[in-house]
Amino acid sequence: MNKLNIRKWLFRLLVILSLSVAAYFIIPVSMPLLLAGISAFFLEPMVMFFKRRWKMSRKIAVAVIYILSVILISVICYFSITQIMSQIILVSKQAPYYISKLSDMWLHMQENISKYTEDFPPEVSASLQHTTMDFIKKIEESFLDFFNYSKVSTLFSEIPNLFISLLVYMIALFLFMLDLPKLKQMTYNYLKPNTAQKIKIIINRLKDATVGYMKAHLLVSFIIGGVTLIGLLLIQPKYAITMTIIIWLIDIIPFLGSIIILAPWGLYHLLMGNTAISVKLFILGVILLIIRRVVEPKLMGEHIGLSTLPTLIAMFIGLKLFGIAGLLVGPFVIIFFIALKETGVIKLKFKI
């Protein structure tokens with residue numbers, strides 16, 4: 001390797017390190033701008049559709065999509081923030097009442113434990129009661145710690161910052177949507193034609209995978225909602241429709257699932273002595289979990305362009321390495337790798 005190549009290599013390494021350090025400090029404080037750019041990128045197909053379908057100019061198409069987006073975001077933020085804040089305030093004020101109810105539940109549960117373990121040896125029965133008491137005590141401490149007034153006040157103090165971030169996001173979103181073609185062209189001007197073509201292929205591949213992921217996730221959520229409705233009509237008909245809607249809304253959010261609702265609900269009935277209902281709710285939760293783990297990899301593979309086995313492997317390894325977020329990160333890493341291979345950025349042709 002001659003001196004010129006060494007200098008080029010060192011220069012590229014220095015640029016990469018400088019950009020990495022800058023990104024480490026800049027990205028955390030630039031999240032509204034970054035999210036606005038990503039949102040504009042994914043809204044671009046809708047803008048192009050409006051332009052072609054109704055022969056609009058780009059400014060009018062952007063304005064229509066932007067107004068619709070603002071209305072949707074405003075409605076979601078209004079109902080989410082008002083409901084969450086009102087519930088937090090209500091629960092924090094009524095914490096002593098809930099603690100009292102929890103104590104009553106504990107006494108009731110002690111009676112049930114004594115009844116269920118009356119035939120057990122005294123040591124086993126005492127150990128079960130001691131373990132259960134420690135569990136309930138930890139729940140009480142966690143409950144009081146989470147809903148104390150200082151944390152609620154801190155949460156309210158962050159509202160102005162959240163509002164400013166949201167305002168910056170909305171302004172930046174409109175500007176990004178308006179100037180996205182210029183920004184793309186400006187970026188491609190700094191790239192060689194071959195490199196620009198490869199990046200376009202990779203971006204289109206990731207865009208198709210993202211749309212496919214959203215379709216697959218929505219389809220899985222509808223399946224979960226249907227099974228939940230049937231199950232709850234058999235278990236708790238009175239609350240079937242309401243709880244199905246709640247579970248479906250929770251399940252449709254990535255990384256969350258129906259077990260978040262069904263597990264505490266089943267535990268509540270277990271503590272109250274409604275063993276039959278509790279077991280049925282736990283069984284329903286397990287069924288929904290199995291459906292998601294069996295159906296999701298297949299649908300994900302079909303919609304994002306991977307076969308079922310690589311999708312399952314990518315989701316499992318992603319889960320182990322990155323936690324819940326890895327369920328999404330894993331398949332996209334594989335897709336990104338395949339896109340790099342298809343464009344010739346990565347070449348893997350060897351024999352052992």
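## Close-up views

**View 1. Arg 58 counts as buried, with a relative accessibility of 14%.** Here buried means under 20% relative accessible area, exposed means over 50%, and partly exposed lies in between, using a 1.4 Å probe and protein chains only. The model is predicted, so local features need pLDDT of at least 70 and side-chain atom pairs need pLDDT 80 or more, while totals for chains, interfaces and linings use all residues. Residues are numbered from 1 along each chain as its sequence is written, and side-chain values use heavy atoms, without hydrogens or water. Which residue pairs with Arg 58 in a salt bridge? The partner is Glu 44, and the closest N and O atoms are 2.8 Å apart. A salt bridge needs a side-chain nitrogen of Lys or Arg within 4 Å of a carboxyl oxygen of Asp or Glu. By this rule, the count is one salt bridge. Side chains of opposite charge can pair when their charged atoms come close. Glu 44 is also buried, at 8% relative accessible area.

View 2. Helices and strands are DSSP runs numbered from the N terminus: a helix (H or I) has at least four residues, a strand (E) at least two. The loop between H2 and H3 holds Lys 55. Lys 55 is not a glycine, yet it has a positive phi of about 55°. Is Lys 55 buried or exposed? Lys 55 counts as exposed, at 74% relative accessibility.

**View 3. Ser 39 lies in helix H2, which spans residues 31-54.** Its side chain reaches the backbone oxygen of Leu 35 at 2.7 Å. Ser 39 also contacts Tyr 169 and Leu 173, leaving aside neighbours within four places in sequence. Contact means heavy atoms within 4.5 Å.

**View 4. The largest nonpolar core has 23 residues.** A nonpolar core is a set of buried Ala, Val, Leu, Ile, Met, Phe, Trp, Tyr and Cys residues, joined through side-chain atoms within 4.5 Å. Which members touch the most other members? They are Leu 232, Leu 262, Trp 265, Leu 281, Leu 284 and Ile 304. Helices H8 (193-235), H9 (240-251), H10 (259-271), H11 and H13 each supply at least two residues of this core. Apart from it lies another core, of 14 residues, among them Ala 61, Tyr 169, Met 170 and Ala 172.

View 5. H9 has 12 residues and reaches 16 Å from its first C-alpha to its last, close to the expected 16 Å. The expected span is 1.5 Å times one less than the number of residues. In H9, Ala 240, Met 243, Thr 244, Ile 247 and Asp 251 are buried. These buried residues fall within an arc of 105° down the axis, so they line one face of the helix. The arc is that of the directions from the helix axis to the C-beta atoms.

**View 6. Helix H12 (residues 308-322) has buried and exposed sides.** H12 has 15 residues and reaches 21 Å from its first C-alpha to its last, close to the 21 Å expected. Thr 311, Ala 314, Met 315 and Gly 318 are buried. They cover an arc of only 100° around the axis, which puts them on the same side of H12. On the other side, Leu 309 and Lys 320 are exposed. What covers the buried residues of H12? The cover includes helix H11 (275-304) and helix H13 (326-342). Just after H12, Gly 323 takes a positive phi of about 80°.

**View 7. Gly 330 is found in helix H13.** Gly 330 is buried, at 9% relative accessible area. Its contacts are Ala 314 and Gly 318, leaving aside neighbours within four places in sequence. Ala 314 and Gly 318 are among the buried residues of H12. Thr 311 is 19 residues from Gly 330 in sequence, and their C-alpha atoms are 8.0 Å apart.

Technical notes. A polar contact is a pair of N or O atoms within 3.5 Å; within protein, one must be able to donate a hydrogen and the other to accept it, and residues adjacent in sequence count only if both atoms are side-chain atoms.
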